[in-house]
Structure formats: C-alpha cells, structure tokens
Amino acid sequence: MARRHVEEGVFKVLMAGAALILAASLALILGTILFKGLPALNVAMLISAPKGGYYLGKDGGILNAILGSLAIGFGSTALALALSLPLVLYLNIYLKKRSRLALAVRFFLDVLWGIPSIVYGAFGFTVMMAVGMRASLLAGTLTLSLVILPIMARSMDEVLKMVPFGLKETSAAMGATRFETAFKVVVKQAYPGLLAAVLTAFGRGIGDAAAVLFTASYTDFLPYSLFKPVATLPLAIFFQLATPFPEVQERGYASALVLTALILAISLTARWFGRRFTRHVIR
Amino acid sequence: MDVRKLRDSLARRSMFTLSVAVLSLSFLMALGLYQRSRPVLDRISLRELLFSTLWQPAQGHFGLGAFIAGTLWVTAIAMAIAIPLSLLTAIYLSEYAHRRTRDLAKPVVDLLAGISPVVYGVWGVVAVVPLVRDHLMPFFSARFPFFPFRSDNFTGYCALSGGIVLALMISPIIISVTDEVLRTVPQAIREASLSVGATRWQTVKHAVLRKARIGITAAVILGLSRAFGETMAVLMVCGCAMRVTPHSVFDAAYPLPALIANTYGEMMSIPLYDAAVLMAALVLFAVTTLFNMAGWGILLRFESGDM
Amino acid sequence: MNVEYRMEEIQLEAFPHIQVQHLTVAYGGHVALDDISIDIPERCITAIIGPSGCGKTTLLKSFNRLIDLQDEVTVKGRILIDGEDIYDPRTDVSALRKKMGLLSQRPQVLPMSIYDNVAYGCRIHGIKSRRTLDKIVERELRSASLWEEVKDRLRSPAARLSIGQQQRLCLARGLAVEPEVILGDEPTSALDPLSAERIERKFLELKKDYAIVLVTHIIRQARRLADYVIFLYLGKLIEHGPADEVLNRPKHAKTRAYLSGHFIEDASP
C-alpha cells in the first residue's frame, strides 16, 4: 500500500527535478550570453565593418554581418513566403481535407523540416557547381529560402487549419471563386497568424549558419552585390570565437548577444501577432 | 469564361505545380547529392566509404567510419541526457503542472527552439567546456578509470560537451511533440484509471503512457534526427580532432556534419575530396530523412487514431 | 460471502454514506455548485436530474474528487463519506476513489486487454496472485453479464468490444476493486436501447449492496430506477426527496416546469 505512494513521490521529485534542470540550463544559456556579451558590446561595434586586423584584435565591428544577415534573412523570407503562401492556401482551400496530395505534401514538408541545414548547404553547393555560380548573397538567399520554406509552410498550415470552415462556405455561397476566397477572405482572416509564421521563419533563417557556410561564404565588406559573398552573424560569431585572442572572442560573445536579442525580439513579436490572431478566431 | 474563372484555374494549376515541386524537392536533393558524389562512389566501394576509418584525402583515402562513429557517439550521449530530462519534463507539464505553469512553459519552449545553434555553441564553449574540463573530467576519469570515462583529453572539448549542448537543443522538440501527444490522450482514460483508486503516477505509467507510447517514440525519433544533423554547435564544442573512434565520453569526437562544415574551402583543392564530402552529406540526408519519415509517419497515424 | 460481510458493515453504520454540507464549487470565477447540503441514502439509487449545465456532473465528480483534475477549481464546504471529510488535506485520495466506482458517459476502456482492464484496479492495489486475479476477473465479468461473450478472448484488446460491451466491462472494472458506492454519469447515454436496458437492470440488482448515485437527463430513466431524486438548477439545489414525491408531486415550481418539459420561466434560482 505504501509502496505506490513512495513511487508516486519519487517520480514527482524526478519530474520536478528534470523540469528544473532544463529550466535552469536554459536560463543559464541566456544568462551566460548576457553576462559575457554585455561588457564587450559597444556602439562602435554595431556601426562599423571589420577594419584591417580585426580578427587580431584591431578596430572594427560586425556591421557587415548584421547587414548581411538582415539582407539574406529578408531575401530568403520573401522568397519562402512567395512559395509557401500559395502552397498552403492550395492545401487548405483548393484541396479537400482527406486529399491524398495534401497528405503527401504535408508529409514531405515535415520531412524537409527535419533535414539538417548543412545538407541544404551541401545541396545548394552542388547546384551552384552545376550552374557555375559562386558563393554569393544570391546563392545564400536561395539556399536559405529552401531551409525556411518547410518551417514557414508548416506553421502557416497550422494557422489556416484554424480558419473556420463556415467562412470558406460563406464566401463560396456568395459566388466567390476559390481564388477569391483564398486571397481575399481567408488571408485577411488569418493575417496576423500568417505574419507570425513569417516572423518565426525569419528568426530561424537569421540564426542559421550551416546552410550559408557553403553558399554565401563570408566577407569583411558590407553587402553590396547579389553576386558577391556576404557575411552573416552566426558565422561572424563562429569565426571570432575561433581566434586565439581573448578580445576578439569577447566580441564574439557580444555578437552572440546581438543575434540572440534579434531572434528573441522577432519571436516575441511573432507571439504577439499570434495572440492577436487567436482573439479574432471564431471557436 | 470570364476573367475571374480564368484566374482561378490559372492559380489552381500553378499551385498544383508548386506542390508537386515541394514533393519532389527531397528527391531532387538526393539526386543532386548522389550525382556529385558519383566520382568517389565509382572509385571506392560503399563498404570502404562507410566503414573504413582511414581518412587521408591527399592519399585518396576517404573512409567516413570515424566520423560516423563520432556522430553516433555524440548523438547517443545527447539522447541519454535528453530523453529522461525531456520526457519527465513533458509528463510533468502535461499531467502534474498547474495550468499557469503550462501556459508559461509552452512559449518558453518555443522560444528556445528558435535560438540560433551558434548561440548554443557559444554557451557550450563558455559554460559546458569549462565545467567538463575542470570538474566532470578530472572527477570521473580519476574515480572510474574505465569505459566510458577513461580518457587523456584534458581540454573539455569532447563528445560529452557536445552531447550536453545537443541535449539542450533537442529537448524543446521532444518536449513539445510529447506534450502534444499526451494531450491527445482522452481525459476520460485518466478518470477511468483514477476512479479505481490508482495514484497519479500509476495512471500515467499504466494508462496514459501506454496509450501514448507510440507517439512518444516518434517524438524521440524526431529529436534523434535533429541531434544527428546538428552542425554548428557540435563543430564548436566536440573538439573535432581526428581520432579513430572515441572510446570515452571525454574523448574528442568528429561528427559527420562538422566534417562537412570544416572542409569548406579546402575540398576543391584535392581530387575526389569534394565528392567524398558531398557523399557524407548524402549519408546525413539519408539517415535523417529515414528517421523523419518514420517519426512523422508514426505521428500521422497516431493522430488519425489508427494506433 | 462477500455480500454478507458487507451487509453487516452497513447495519453498523449510524449515518448516511455520503453527507454533503454547504458544498460550493467554482471553476475560476464561475460558480458551478452553490451551497449544496444533502444526504445520500444507503442502498438506494439516487438520481441527480436537471437541465444541462446545472452542475449534475460536477456534484457527482466531487464525490470522488475527480474535479481536482479541472483547472482553477475551488471547493468550499464538506463532503463526509463514512463520517470523514474527503476534502481534508490528509485524505488519501486514491483510497477514496477506490471506494467510489465510476461509470462515465462514454465507456472508457483502458488501452489494454479485456482481462487486464478488469484486473487493473486489483493489480494497482497490490493483488499479484494469478489465481486470485483469474477468480476476480471471472466473477466480475459474470456479474456484469459479460463473461459468456468474452470468455474466449480475454486477451484481446478491450477496444474491440462493442460500445455496450465496453460499458459493461467498465462496470466490471469498477466493481472489481470492491467499491462502496457506484457513481454513474449518464452511463447509458452513449448506448443503444438494449445495452442501456442491461445496464439499468444491473443497477437495480446492485442497489441491494451499494449506494448508487446516478446523473441522468432522462426523466423516464429516473422514474424507472430512482428511489431518491435530487433536482439541481443553475448550480442550486432546488428540491430533493423520495422519488415518488419529487417526480410525481413536486413542491417547487421549477421542478414542475422541468418535469413537464416547459420552460423554466423564473430564471432566478
């Protein structure tokens, strides 16, 4: 009789312990980045590109990487949006709920979602070799858009699944074509949720390093051409940390803080939009 | 046929093409990677590529064995840490925690899933590596000088550090999928078990987990596949020293994704080198795709109530 | 033999099995039950009736503290079972629930075999002997008149049974842990008429040994089964008493309106 209550107690402690360990380590991650990064962070770093000998500890900043990340992030998000919005509208409005095609597309989106970004990078590289392209802003943007396409499409799909069926029915009943239902009614209803999905994908894109390593390469220059290599924040962090000089490594911590702050800001904005969305949903 | 209908049917056709393109993207990736790794596949047997541990690109030896072993080792460590932590946490959140705790935990888990792998890597370098180097490694290798703790790597950059960082990276995924799976278990099952006098834990163990075990397996598989392909974080903390196979959690490991990332820049300089690296990417693609197909396939069937 | 023992025990008791004293239950801000006081008589079928959303199920589930599972629930007042306050912090909730067998709206079999479903509760409470379990399983399945239908496939998943069989299995599962009270939450509402009748007949047999509390929205069912009736409206106790009195000569206007199928005009409880 007592044994099962003991077991209950033991597992309660284990579970609370596990949750605490995870919560603490995750707080530790943010804390570490904050405490290591904040002292090294300064304005000069944010508004200048690396000057000669930057990686030996001389003057300069990471503006090249910030701008590069934003450029590549915006570009790939826009591309992924152009592909995934029609795709999910097709899945949710044109196709029936039990359609085999829809099932297959959703399944493959899930599979694509799980492919590591380094593999996308390698794939991008093979395509680049095939068409004779060099590592560049364009190549990086194209590759990254493939990486975030499944992320964006899956979360958009979740949003559209929540749009009440009656809304589609009503629109159709008034004689609207499916195209009009999709782009004029459903998109408007789901707008905040879709925006949240876009922002989530954007944040994921900015944080990704493995896919752009091969395809966008790295440079100390600010981004100025679609066909030239471009720097990105994650790689800037990686390279700065890889140097043996403490002052450069500290800049790496500061860069990590910048990146984390950027991503947290984006995902909090996304959550804010997402919440506004649920307020209008008819349940 | 007016403009509206024309636009509708045009849109339908282009959207259909688009979904077919998405369907074929993974096949395209497999094909592209295969095409580029053909040169090395034609010259060296698959067996040697996968199992030989001799990696000397300049001499034309491209055995991926050590890297595959490194990946497996680091992934195994990560799973050993992540599975109990995240499953216990997920069960706690879904079965025990107060609603407010749950409402707070969910966005936090989502936020964590969105943090850049490089940032996890930075944390690994700053916090985990010193912890392993100064405390865990001296303690364990002195007290337990046998497998899997005996090692002569005192740097802290090792498989265990990589495993710890990876475990934290994949636990948000395992937690959120497990939580969703547990949520699909009908409340009435819990009530049925509780009302014959079972304790909460007995209810979880005998009724809830039994119903959810397949879905939870899928959650673990998905986490596993993520750990398998994660690149930047392991590149930063695993040490990446060439070594035949790691024999200790404190040995450096050189996982496959790190190899691919590291050889960027030099791989065009030696014949077949690029083909071998892309072959490594193909292996990674195949393994993760297989895991994902299994995981999502299971979840799809689980959600539709077939299991 | 078991039965005789139980009869003896009952006769020793000087007070009704369940006593509800000033019970108020709220979910967040919503008051589901408002100051309910009532005694549930022994060895009777007590039917809780009332329009949907009146707190019938909440009252039933407060007897075995299943309402604890709800979010943000607050309970005031006391429920005494065998003279002990079940909302006392020292109460062993799982022992309490063992005493109160529950039959829910939709039969909920556990994800395991027919045999394991019945043996589940006994195993939980520490019975390991194979022979004892075999005996209990057969006895309870017989008592739920399910034995003949399933005796050749005790190992097959319980989910494969028809819904009526599942509900009888749930009854067997509940009886296997030898409860003192049976709680039924509209237990026939998901069943076909034949299966429903079987369950009803079973209840009439069981009331010789147990106190049965039955939530129902079918007035005819209450007429067929109940010895004692409780009428709830918007969380308040409007009327209670012997079935004959409440169902045939209701004192309160609301009860009359409800029983005759009219609107309850006066919305103030």
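Colleague: How much area do chain A and chain B bury between them?
Modeller: This is a predicted model. The size of an interface is often given as the accessible area lost when the parts come together. Of the area buried here, 78% lies on carbon and sulfur atoms. For chain A and chain B, the total is about 7400 Å².

Colleague: How many residues of chain A and of chain B are in contact?
Modeller: Contact here means heavy atoms within 4.5 Å. By that rule, the residues in contact are 81 from chain A and 79 from chain B.

Colleague: Which residue of chain B forms a salt bridge with Arg271(A)?
Modeller: The rule finds 4 salt bridges across the interface of chain A and chain B. A salt bridge needs a side-chain nitrogen of Lys or Arg within 4 Å of a carboxyl oxygen of Asp or Glu. For Arg271(A), the closest N and O atoms are 3.6 Å apart. The partner is Asp110(B).

Colleague: Which helix of chain A gives the most to the side that touches chain B?
Modeller: Polar contacts also cross this interface, with 16 residue pairs found. On the chain A side, one helix gives the most, with 21 residues. That is helix 1, residues 2-40.

Colleague: How many nonpolar residues does that side of chain A have?
Modeller: Sort the side by class. It has 11 polar and 12 charged residues. The nonpolar count is 58.

Colleague: Is Asp116(C) buried or exposed?
Modeller: Asp116(C) sits in helix 4 (residues 114-124) of chain C. Leaving out residues up to four places away in sequence, Asp116(C) touches Arg123(C) and Arg155(C). Buried means under 20% relative accessible area. Asp116(C) has 15% relative accessibility, so it counts as buried.

Technical notes
Residues are numbered from 1 along each chain as its sequence is written. Chains are lettered from A and ligands numbered from 1 in the order in which they are written. This is a predicted model: local features need pLDDT of at least 70, side-chain atom pairs count only at pLDDT 80 or more; totals for chains, interfaces and linings use all residues. Side-chain values use heavy atoms; hydrogens and water are left out. Buried area is the accessible area (1.4 Å probe) that two parts lose on being put together, summed over both. A polar contact is a pair of N or O atoms within 3.5 Å; within protein, one must be able to donate a hydrogen and the other to accept it, and residues adjacent in sequence count only if both atoms are side-chain atoms. Helices (H or I, at least four residues) and strands (E, at least two) are DSSP runs, numbered from the N terminus. Ala, Val, Leu, Ile, Met, Phe, Trp, Tyr, Cys and Pro count as nonpolar, Asp, Glu, Lys and Arg as charged, and the others, Gly among them, as polar. Buried means under 20% relative accessible area, exposed over 50%, partly exposed in between (1.4 Å probe, protein chains only).
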